[in-house]
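Please open the model in a viewer and keep the selection panel at hand.

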Amino acid sequence: MKRQIQPSTVERMMREDDFIVSKTNPKGIITYGNPIFIEFSGYSEEELLGSQHNIVRHPDMPRAAFQLAWDTIRAGKEFFAYVKNMAKDGSYYWVFTHITPDFDQQRNIIGYTSVRRCPKRDAVAKVEPVYRLMLQAEQSAGPRDAIAAGTGVLLDLLNQKGMSYEELVFSL
Ligand SMILES: Cc1cc2nc3c(=O)[nH]c(=O)nc-3n(C[C@H](O)[C@H](O)[C@H](O)COP(=O)(O)O)c2cc1C
């Protein structure tokens, strides 16, 4: 169903004091969304709960970005990123996200929590062309090699700058 949404050029801006919060099970199925998530996504709580978190995925986002996210959080580490999301009506909203694993007493991962804040505009302006290059590389590589191609673009940039991914994100 979500594949049929036509992305629009309408942007919705997070306010300075907004926090978009959601929780998932270990497979990325949404188990909680706060009222601001419901507001920005344009979906009802009923539609969100039980859906895959890719329900708000924007087609402009490169696949390699999500691969890096999942590799990081599955390894039990926190992950930060600027992300372009798509609401139910096709409009988009940029966020600065922090995803963390939730552990039980034995340190098994029992789910994930994401808290998103209003992104810095100049950071979004710097991230956008990087994602565009990653996406172009993914599209020309074809589905099978897409993630490797997108990751390659990011790794080249990090090498060029002599930075880790986290250093780059926090330098923006
Ligand atoms: C806690 C949590 C929050 C997430 N939040 C988002 C989000 O806001 N937007 C998004 O596109 N993907 C988000 N994801 C990643 C999605 O699960 C998914 O990997 C991504 O949308 C790519 O979907 P696809 O593999 O179907 O293309 C989140 C994952 C987790 C675990």
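**Helix α4 and its end**

Begin by selecting G142: this residue, just after α4, takes a positive phi of about 85°. The model is a predicted one, in which local features need pLDDT of at least 70 and side-chain atom pairs count only at pLDDT 80 or more, while totals for chains, interfaces and linings use all residues. Residues are numbered from 1 along each chain as its sequence is written.

Next, select α4 itself, residues 121-141. Helices here are DSSP runs of H or I of at least four residues, strands are runs of E of at least two, and both are numbered from the N terminus. The end C-alpha atoms of α4 are 30 Å apart, which agrees with the 30 Å that its 21 residues should span at 1.5 Å a residue; the expected span is 1.5 Å times one less than the number of residues.

Within α4, colour V127, Y131, M134, L135, A137 and E138, which are its buried residues. A residue is buried if 20 or more other C-beta atoms lie within 10 Å of its own, exposed if 12 or fewer, and partly exposed in between, with C-beta atoms placed from the backbone. The buried residues of α4 pack against α3, β3 and α5 (146-161); contact requires C-beta atoms, placed from the backbone, within 7 Å.

**The sheet**

Now display the strands. They form an open sheet of five strands in the order β2-β1-β5-β4-β3, with antiparallel pairing; two strands pair if DSSP finds at least two bridges between them. At the edges are β2 (30-33) and β3, each of which pairs on one side only. Neighbouring strands of this sheet are turned by 30° against each other on average, direction ignored. Such angles run from 0 to 180 degrees between N-to-C directions, and the axes are lines fitted to C-alpha atoms, for helices over the stretch in contact.

Select β3, residues 79-86: seven of its eight residues are buried, so the strand is largely enclosed by the rest of the structure. Eight bridges join β3 to the antiparallel strand β4 (residues 92-103). Two partners in β4 may be picked out: W94 for K84, and Y92 for M86. In the hairpin of these two strands, with five residues between them, G90 takes a positive phi near 90°.

W70 counts as partly exposed, with 13 C-beta neighbours inside 10 Å. The C-alpha atoms of W70 and K27 are separated by 10.0 Å, although the two residues lie 43 apart along the chain.

**The ligand shell**

Which residues come nearest to the ligand? Of the 15 around it, they are G28, H53, N54, R57 and S114; a residue is near if its C-beta atom, placed from the backbone, lies within 6 Å. At least two shell residues each come from β1 (20-24), α3 (63-74), β3 and β5 (109-117).

**D18**

Finish at D18, in the segment before β1. D18 is partly exposed, with 18 other C-beta atoms within 10 Å. Leaving aside neighbours within four places in sequence, D18 is in contact with I36 and C118.

Technical notes
Contact = placed C-beta atoms within 7 Å.
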